[in-house]
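Thanks for coming. I have one model to go through today, and I will keep to what can be computed from it. Please have a look at it first.

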Amino acid sequence: MKFIKPTFIILALGTLFSCKSTSQWEGQGPIQIIETVDKPIQIQAKQVFVAGNGVFFSNEFNGARLNQVERINDTLIQITILPENEPINPSPWYAFKIWSEIPQDFWIQFSYGGIGFHRYFPKSSLDGINFTNVDSIDFFQPESDDRRPEMAFLKIESSKDTLWVAAQDKVGTDHVKVWKNKILENDFVELISIGKSKEGRPLEILKIGNADDRDMLMVISMQHPPELTGFLAMQAFIEKICEDSPAARKFRSKYNLYVMPQMNPDGVANGHWRHNLGGIDLNRDWINFNQSETKALSEFMEKKVEESKGEFIFAADFHSTWEDIFYTNNEELEGNFPGLIPKVIKKSSKRIPDYIPNIRPNEGKERSVTSNSYFFFVHRAESMTFEVGDNTPREVIHMKGEYLAEELMKILNRK
Ligand SMILES: [Zn+2]
């Protein structure tokens, strides 16, 4: 078996697969309504896996995903990661703990039951909170003809101290709660509960600003559980709007921004690849509203408009995929603030040396099943989906989130 460095595989895959399925690009035809009533999911059995030689694995924590563990030989243990149901977009999230009675080195082989392929470069942690990329010499993916490596190998140095391994550098729902509480320390931020998920987790929105609701903005992220990098961009964006700067103060006196940072808390807590606990891709449920998460948010927005007689002028949905890309609406169609989104993207991108943003305006003129389409066609909000690369450096993500907020505030403060 020939090994090549994982970075090459990640780059090569970048052009092939996106968080969005190609079906969204069939927008010119009639509205394509996708079935979004509950589908059965496989519940992940929470357990400690005994792997022989005094080695143990566990998925007993919030955000974990690990389905099977099998020792192949003295130095190799195969772990299997399975999705919540099928068909499913191949974004195989994993997160698990390892420890051993005596210190030892071995390799783990990631496998995906023939359903997915290895996508996320592994991160590790000694406290379950602070994760960093593993050393690249400890990680290999075999070359595959179709560029979808079904397995990957990671070298582990185990001991009595627990080692966490995960697909991204934040795991579970707790970090979102910590962040929301930090933002809530500002006296211009208010927590609004709009319902509960299937497993009883709160569906929450933060209201930022002390304006009336004549002109409103809506921001969401994490419809898809593994898409942490989109969440990180959303965080930087929101933090900039909460700053104690003249621009941010003025903005908050003119506009109220509503943000739902975690659309799919059940999916995140259960370590899902893509869906919520109803087994549905939430970003295909913005016409049917069969799922509590999408239903609660759309009802909230529609009630806001009805009560205030105001309107949503801007909306953004943050996601992750192989590389940074903006999906915008058809530029021939006008919402409540024509030209706002392309202007914000272009002005913010210009500030980053040698960066030309990848902007894909929708070619269709019909409403589709995504949040972006709902925001635009139902509310006339100028809207975008910002997909952030899985491996985009965290400081670049932060910069992009901040610049987007700054340029948005600049334009809207002049209105
Ligand atoms: Zn997504």
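Some ground rules. This is a predicted model, so local features need pLDDT of at least 70 and side-chain atom pairs count only at pLDDT 80 or more, while totals for chains, interfaces and linings use all residues. Residues are numbered from 1 along each chain as its sequence is written, and side-chain values use heavy atoms, with hydrogens and water left out.

First, the domains. The protein splits into domain 1, residues 3–166, and domain 2, residues 174–414; these bounds come from an automatic or database domain assignment. Their C-alpha centres are 28 Å apart. To the contact, domain 1 contributes 48 residues and domain 2 contributes 44, where contact means heavy atoms within 4.5 Å.

How much area do domain 1 and domain 2 bury between them? About 3,900 Å², with 54% of it on carbon and sulfur atoms. Buried area here is the accessible area, taken with a 1.4 Å probe, that two parts lose on being put together, summed over both.

Now the polar side of that interface. Between the two domains, 19 residue pairs are in polar contact, both residues being at pLDDT 80 or more. A polar contact is a pair of N or O atoms within 3.5 Å; within protein, one must be able to donate a hydrogen and the other to accept it, and residues adjacent in sequence count only if both atoms are side-chain atoms. On the side of domain 1 that touches domain 2, the residues divide into 23 nonpolar, 16 polar and 9 charged. In that scheme Ala, Val, Leu, Ile, Met, Phe, Trp, Tyr, Cys and Pro are nonpolar, Asp, Glu, Lys and Arg are charged, and the others, Gly among them, are polar.

Next, salt bridges, meaning a side-chain nitrogen of Lys or Arg within 4 Å of a carboxyl oxygen of Asp or Glu. The rule gives 22 of them, and it finds 2 across the interface of domain 1 and domain 2. Lys198 and Asp38 form a salt bridge, at 2.5 Å from N to O.

Lys182 pairs with Glu239, their closest N and O atoms being 3.7 Å apart. Lys182 is in helix α2 (residues 174–183) and Glu239 in helix α3 (residues 228–241), so this pair ties together parts 57 residues apart in sequence. Helices here are DSSP runs of H or I with at least four residues, strands are runs of E with at least two, and both are numbered from the N terminus. Lys182 is partly exposed at 46% relative accessible area, and Glu239 is also partly exposed, at 25%. The classes are buried under 20%, exposed over 50% and partly exposed in between, with a 1.4 Å probe and protein chains only.

Helix α6 (residues 292–308) holds both Glu299 and Lys295, 4 residues apart, about one turn of the helix. Their side chains meet in a salt bridge at 3.1 Å, N to O.

Last, helix α8. Is this helix enclosed or open? Of the 9 residues in α8 (residues 371–379), 7 are buried, so the helix is largely enclosed by the rest of the structure. The buried ones include Tyr374, Phe375 and Phe376. They pack against several elements, among them α6 and β17 (311–321). After α8 comes Arg380, with a positive phi near 60°.
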